[in-house]
Amino acid sequence: MIYILSPILYAVFDLIVVKCTLGEVLVFWLPMYLLNHYTLNCLSGNIRNTRITNIYETALVPALFLPVLKESLGISQKKFEVTKKDSKEKLKSSDFGYSFKTSITLLVLLALDGIGWVRCLHLLLTLAMPSYLLILFWLSVNLYYLLMSVFFIYGRRKHREFERFQANIGCLVAYDNKLLRTHTYDISENGISLVFDFPEYIPPEEEITIRLATDRNETEWSGKVANVMQIGSKWKYGISMQKITEPNKRQMMQIVYDRDPTLPRTMENGLSTMDDLALNIEYRKKSKKNFTSKKLPFVELDHTVTTKDGRKLVLATFDYESLVLWNPSKEVALQKLSFSEEGVVFECSLQEEISKHEASYRVDNLAELMSSAAFRTLLSTWITDCRQDRAQEKNYRKQIDTTLNRYEVFDELQYLN
């Protein structure tokens with residue numbers, strides 16, 4: 001607190017706290033600062049540095065200043081405040097009031113530091129005294145620590161009840177007399193994410209059985225599909241836990257936490273103070289993160305099909321329960337239609353006309369399709385064909401861009417020769 005207040009008292013209120021010359025400050029302060037910085041880097045094992053330590057200490061200043069002062073005067077604080085431990089309560093409740101109450105001292109210091117910085121810069125340009133250069137540097141350093149501490153206290157909005165950890169664990173998924181074998185993408189206390197090579201149809205309203213097993217632990221519980229998203233050529237299924245027995249819960253805790261941590265173990269090199277500020281401001285400018293609400297795999301196909309009445313339509317997207325058909329002509333969308341390919345028949349009913357050329361249809365014979373092995377093979381073929389077409393189109397565009405860039409470069413010597 002003294003380190004923060006000293007330049008503010010001088011730059012804002014003209015109160016001299018440290019009376020010395022610029023040379024004396026450099027003799028006493030600079031060796032301490034450099035040795036402290038060097039020693040911390042050597043002993044921390046690239047986990048912490050002076051900058052992170054000062055941000056941490058600055059954030060704790062408002063909470064510790066008065067208690068430490070009271071303890072120094074022999075006044076013990078006997079009251080013990082219990083912090084919120086329930087994760088659901090912390091997720092649902094707004095922490096803005098608590099954060100503002102905690103950070104109000106830092107905000108006041110930040111405002112005074114900013115005023116002192118502007119005033120000191122004006123005096124430096126007006127009087128051209130080198131001592132103001134040191135005060136300006138001191139204020140700038142404190143300004144950074146105060147701002148980062150405020151960011152630290154306000155944190156970022158929590159989107160999940162429990163933290164998730166990346167883990168590759170063998171998993172069995174059982175539902176509707178079917179058994180799927182896969183592995184986890186990440187895990188938490190109340191759910192997991194699974195990765196599939198194929199967009200599997202898992203009814204979102206149906207409870208499924210999850211079985212996880214490691215070398216030492218094994219657990220089984222029921223869950224539901226919370227969201228499905230495509231990652232590259234694979235599909236990730238988020239599964240939320242619904243029911244679990246106490247013995248299985250204990251085994252689940254062992255699987256989640258009895259492992260090497262996936263959190264960073266070393267600091268990222270190359271991030272300057274300006275990078276820290278820019279990244280924090282950028283993250284806070286972004287709107288609320290939109291998590292996908294789709295509970296079925298959304299598959300892009302762009303495959304041409306022929307309906308029973310002879311219409312040529314493009315099957316744009318498919319998610320098992322519905323599909324989107326694109327009509328190159330301006331014909332009115334049919335209320336009912338069917339098309340077949342490789343012996344697999346699709347019976348559809350109109351859900352919504354998206355535009356003059358696009359319409360969404362409900363798949364009426366989904367149960368029949370799910371019991372057909374030919375349907376799975378056909379869908380896999382469509383997905384492969386779509387990926388190959390996209391890859392060819394990408395390569396073609398890349399070749400065109402390369403050719404155009406080659407002719408855009410004008411070589412004067414070659415032209416004159």
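User: How many helices and strands does the chain have, and what makes a stretch count as one or the other?

Analyst: The chain has eleven helices and 13 strands. A helix is a DSSP run of H or I with at least four residues and a strand a DSSP run of E with at least two, both numbered from the N terminus. The model is predicted, so local features need pLDDT of at least 70 and side-chain atom pairs count only at pLDDT 80 or more, whereas totals for chains, interfaces and linings use all residues. Residues are numbered from 1 along each chain as its sequence is written, and side-chain values use heavy atoms, with hydrogens and water left out.

User: What makes a residue buried, and how many of the residues in the chain are so classed?

Analyst: The term applies under 20% relative accessible area; exposed means over 50%, and partly exposed lies in between (1.4 Å probe, protein chains only). By this criterion, buried residues make up 32% of the 417 residues in the chain. Helix 1 (residues 2-13) contributes I4, S6, P7, I8, A11 and V12.

User: What covers the buried residues of helix 1?

Analyst: The cover includes helix 3 (50-72), helix 5 (96-127) and helix 6. Just after helix 1, D14 takes a positive phi of about 60°.

User: What is known of the contact between helix 6 and helix 8, and why is their crossing called left-handed?

Analyst: The axes of helix 6 (residues 131-154) and helix 8 (residues 273-285) come within 11 Å and cross at roughly 30°. Axes are lines fitted to C-alpha atoms, for helices over the stretch in contact, and angles run from 0 to 180 degrees between N-to-C directions. A crossing is left-handed if the near helix is turned anticlockwise from the far one by less than a right angle, and right-handed if clockwise. Helix 6 passes helix 8 in the left-handed sense. With contact meaning heavy atoms within 4.5 Å, the residues involved are Y144, L147, M148 and F151 of helix 6 and T273, D276, L277, N280, I281 and R284 of helix 8. By class, these are six nonpolar, two polar and two charged residues. Here Ala, Val, Leu, Ile, Met, Phe, Trp, Tyr, Cys and Pro count as nonpolar, Asp, Glu, Lys and Arg as charged, and the others, Gly among them, as polar.

User: Why is the meeting of D197 and K234 called a salt bridge?

Analyst: A salt bridge requires a side-chain nitrogen of Lys or Arg within 4 Å of a carboxyl oxygen of Asp or Glu. For D197 and K234 the N to O distance is 2.3 Å, so the pair qualifies. D197 lies in the loop between strand 4 (191-196) and strand 5 (208-213) and K234 in strand 7 (residues 234-243), so the pair ties together parts 37 residues apart in sequence. D197 is exposed, at 57% relative accessible area, while K234, at 34%, is partly exposed. The whole structure holds 15 salt bridges.

User: What separates R397 from E393, and is each of them exposed or partly exposed?

Analyst: R397 and E393 are four residues apart in helix 10 (residues 373-408), about one helical turn. Their closest N and O atoms are 3.4 Å apart, and the pair forms a salt bridge. R397 has 52% relative accessibility and is therefore exposed, whereas E393, at 39%, is partly exposed. Elsewhere, salt bridges that share partners join R211, E218 and E220 into one network. Within it, E220 and R211 have their closest N and O atoms 2.6 Å apart.

User: What makes strand 13 a partner of strand 10 and of strand 12?

Analyst: Two strands pair if DSSP finds at least two bridges between them. Five bridges join strand 10 (residues 322-326) to strand 13 (residues 358-363), and these strands run antiparallel. Strand 12 (residues 344-353) also pairs with strand 13 in the antiparallel sense, over five bridges. Both pairs therefore meet the criterion. S360 of strand 13 stands opposite V324 and opposite E352. A hairpin through four residues joins strand 12 to strand 13.

User: Which residues form the covered face of strand 8, and which strand pairs with it?

Analyst: V299, L301, H303 and V305 form the covered face of strand 8 (residues 299-306), and E300, D302, T304 and T306 the uncovered one. In a regular strand, side chains alternate between the two faces of the sheet. Strand 8 pairs with strand 9 (residues 312-318) in the antiparallel sense over six bridges, with T306 opposite K312. Their hairpin has five residues between the strands, and G310 there takes a positive phi near 95°.
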